[in-house]
Amino acid sequence: MPAAATGRWQFLNTFGPLLALLLVYAFFALLNDRITSLSALETMVQQTVIVGVAAIGMTLVIISGGIDLSSGSLIAFSSVVIAQAMVAHGLSPGVAALAGIAAATLCGWCNGFLITRLKLVPFIVTLGTLLIVRGLAKGIANSMQINAGQSWLSNLLAVLPPERKWQLVPPGAWFMIVLALVAAALLRYTRLGRHIFAIGSNERTAQLCGIAVARVKVIVYAIAGACAGLSGLMLLSYQEQGDPTAAVGLELDIIAAVVIGGGSLSGGEGAIAGSLIGAIIMTIIRTGCQLNGWAPWITQAVTGCVIVIAVAVDRLRHRAAN
């Protein structure tokens, strides 16, 4: 490939998601300047955190060449476990939050175990656990919402009062940023991160090089489950209740955020920063469509178009690289 073409694709890989973010935001700002208001920005931050935290775990899964369709159900499941632990069992908010995250982590570990031990396709396994976990959440909550009430968990995504505006964003958003930095460091500087990229690039070669492919995959899916559990905690903070019917279809938004951010569904490529930018783009599209009074079907169509464009660009990049 000519050097100029290579440079263009490298530039697109590095700055493409950021340019897309600026273009999408500018487009909706021109249509309706309310999207630049402080209240709109605060709402977008809250919604981005819920998708962004789960997208961090999904990034690891997609880089390893897998997919996790159960993340939306895990988010609802985690919120229900936390609310049930607080309301029915009287646990403190901190212990209840740990219980919800641990339950989601265990589900993620089961995904990895089934995929590696039974040699099943991740799409099929996680499609099954999507239904199983959603059913468990409804069973625990008796198909009803569980009001968790006010606690310090409610402050994670609450709008900041005037005396705390110096924090700029709610604690949950800062938590997402720290988690993203940790995950990015894991991918860049640790052996586990290098193994995740190697498995996603060529699993057979990674195995021949002595990488414990099954163990790495189980760890990756467990981390993705933990991130979905944390996202469930953020959802509970936002809604102040555990809802077994929440986050239906959110797994598609999470996967889309990773793909828009440069993650390749072929495996071996992806970046935490890109996934967070993808999550912000998804939120801007939804918020922009709502502020302009567009019907929900238009929002879905616009979101779908963005996803198709992102996947098409990914295919073009691979074709150019080959």
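User: On what basis are the values given?

Analyst: Local features of this predicted model need pLDDT of at least 70, side-chain atom pairs count only at pLDDT 80 or more, and totals for chains, interfaces and linings use all residues. Residues are numbered from 1 along each chain as its sequence is written, and side-chain values use heavy atoms, with hydrogens and water left out.

User: At what angle do the axes of helix α2 and helix α6 cross?

Analyst: The axes of α2 (residues 38-63) and α6 (residues 171-189) cross at roughly 15° and come within 9 Å. Angles under 35 degrees count as roughly parallel, and α2 and α6 are therefore roughly parallel to each other.

User: Which residues of α2 and α6 meet?

Analyst: Contact means heavy atoms within 4.5 Å. Among the residues of α2 that take part are V45, V49 and I56, and those of α6 include M176, L179 and L186. The residues of this contact divide into 13 nonpolar, three polar and no charged.

User: How is a pair of aromatic rings described?

Analyst: The description uses the distance of the centres and the angle of the planes. Rings of Phe, Tyr and Trp (its six-membered ring) pair if their centres lie within 6.5 Å; planes under 30 degrees apart count as stacked, over 60 as edge-to-face and the rest as tilted. The count here comes to three aromatic pairs. F27 and F28 have ring centres 5.2 Å apart and planes at 75°, so this pair is edge-to-face. For F28 and W294, the centres are 6.0 Å apart and the planes at 55°, so the pair is tilted. F27, F28 and W294 form one aromatic cluster.

Notes
Axes fitted to C-alpha atoms, helices over the stretch in contact; angles between N-to-C directions. Helix = DSSP H or I, 4+ residues; strand = E, 2+ residues; numbered from the N terminus. Parallel < 35°, antiparallel > 145°, perpendicular 65-115°, else oblique. Nonpolar A, V, L, I, M, F, W, Y, C, P; charged D, E, K, R; others polar.
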